[in-house]
Amino acid sequence: MKSMLISAPHFCFISAPLRASFIDIHPNAKWKQNGFTVAGGNGSGSGINQLDRPWGLCVDDDAQTIYIADTYNHRIVEWKCGVTYGLVVAGGNGNGNEVYQLNYTGDVIVDIKRDSLIISDYENKRVVRWPRRNGTSGETIISNISCRGLTMDEDGSLYVVDDEKHEVRRYTIGDTEGTVVAGGNGSGNHLNQLSKPRYIFVDQDHSVYVSDCENHRVMKWVAGANEGIVVAGGQEEGNSLTKLAGPYGVVVDQLETVYVADCWNNRIMRWPKGVKQGNVIAGGNGEGIQSNQLKYPVGLSFDLLGNLYVVDRDNNRVQRFNIEQTQNDD
C-alpha cells in the first residue's frame, strides 16, 4: 500500500497510506462498463489461480500488486499485475487458531513502515500482523473483537469494525483497548447507532465513513462526534438511486464523494457530497458473471490512476474497471 502526499489547507502535505483513494477523481469521471478479471475467475477453489468467496482487498501501486482476503480459503493472496496466479502470503494452512493459521479472513491492509500485513481474522476474533515477505506466522495485536473491515490513518492508528458490538474502534500505536469512534450504542438505526457495520474509510481529517450494512446506509462520523451523518442511502433497503441494499466496501475521494459497493444490488455506486441520490458506475446489470455484471460485490479500492477494483465475491474474482475520464472539463 503506497503512501502519497495529499494537499491540505495552509499548503501543508500529509503522507497517508493508500488504503483507498485519496486521489482527486473528477466528478464526471466514467469507468468502462466491462471489467476484466485481475485475480481468480477460475471457479471456487483453493488452487493458486482460484479464490473462494473473497471479501477485502488493498492495492499496492508501487509493487503493481493487490492483496486479497481469500476468506473461505483462510488466507491472504498476493496477486501481481498481469499474472494468472496468486501467491499465498499469510495463512493457507486450513482454518484454525494457531499462529500459522487464519479463520475466515475479512480484510487486509499493508503497513508500509513495518513491511507487514494487518489482517482481520474474523472467526478467531483477532487482528493479526503478519510479515509481508516470507512470513510463516502472525502476531495477534488485537484480541476479542469480531473484526470485519479495518484501515489505518497517516499517524499509524488502526481502525477496526466490530460487527457484534456494532461499533468502530481506533487503536493508537501500543493500545490494546481502543476508543469507540463510531457506534457503540447497540444495534439500531438512530444517528448514534450502527447495525452490522462492515467496512470503513478514514479521511485526512480523521472522519470515519462506515458502511452500515443492515441500515442500508453509509455514515460519516466526524472526529469526536457523538453521532453520525448519513452520506449515502438511509432510505430503507431498495434498488432505486436513492437507496442501498446491504452496503459493504466504501471509499471517499478528495471531493468527499462516496463510492460504495451496493452489495445486494450487485452494483457500485457514486454518491457526491450533499446529494440525495447516487449513480451507478459499475455493475447494475443484474446478478451474473458477464464482464458488465457483479454477484455480491464486497471489497472496493482504486489505484493511483483512478481505476476501480472490486471484489466480486460470489464470482470468486477481482474485477478491474478502467477509468475513461480523468481530465477536468472546461
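**Domain interface and salt bridges in a predicted model**

Gly-86 is placed in the loop between strand S6 (75-80) and strand S7 (87-91), where strands (E, at least two residues) are DSSP runs numbered from the N terminus. The structure is a predicted model, in which local features need pLDDT of at least 70 and side-chain atom pairs count only at pLDDT 80 or more, while totals for chains, interfaces and linings use all residues. Residues are numbered from 1 along each chain as its sequence is written, and side-chain values use heavy atoms, with hydrogens and water left out. Gly-86 has a relative accessible area of 10% and is therefore buried, a class that means under 20% relative accessible area, with exposed over 50% and partly exposed in between (1.4 Å probe, protein chains only). When residues up to four places away in sequence are not counted, Gly-86 touches Ile-48, Val-77, Glu-78 and Trp-79, contact being heavy atoms within 4.5 Å.

The domain assignment of the chain gives domain 1 (30-144 + 293-315) and domain 2 (146-284), with bounds that come from an automatic or database assignment. The C-alpha centres of these two domains lie 20 Å apart, and 30 residues of domain 1 are in contact with 31 residues of domain 2. Together the domains bury about 2,600 Å², of which 66% is on carbon and sulfur atoms; buried area is the accessible area (1.4 Å probe) that two parts lose on being put together, summed over both. Within domain 1, the residues that lose the most area to domain 2 are Tyr-122, Ile-142 and Leu-300, which together account for 22% of what that side buries.

Across this interface the rule finds one salt bridge, defined as a side-chain nitrogen of Lys or Arg within 4 Å of a carboxyl oxygen of Asp or Glu. Lys-125 and Glu-164 form a salt bridge in which the closest N and O atoms are 2.8 Å apart.

By this rule, the count of salt bridges comes to 19. Arg-129 and Asp-111 form a salt bridge with an N to O distance of 2.9 Å, and because Arg-129 lies in strand S10 and Asp-111 in strand S8, the pair ties together parts that are 18 residues apart in sequence. Both Arg-129 and Asp-111 are buried. In the salt bridge between Lys-295 and Glu-287, the closest N and O atoms are 3.9 Å apart; Lys-295 is partly exposed at 28% relative accessible area, whereas Glu-287 is exposed at 53%. Finally, Asp-60, Asp-115, Arg-132 and Arg-133 are linked in a network of salt bridges.

Methods: Helix = DSSP H or I, 4+ residues; strand = E, 2+ residues; numbered from the N terminus.
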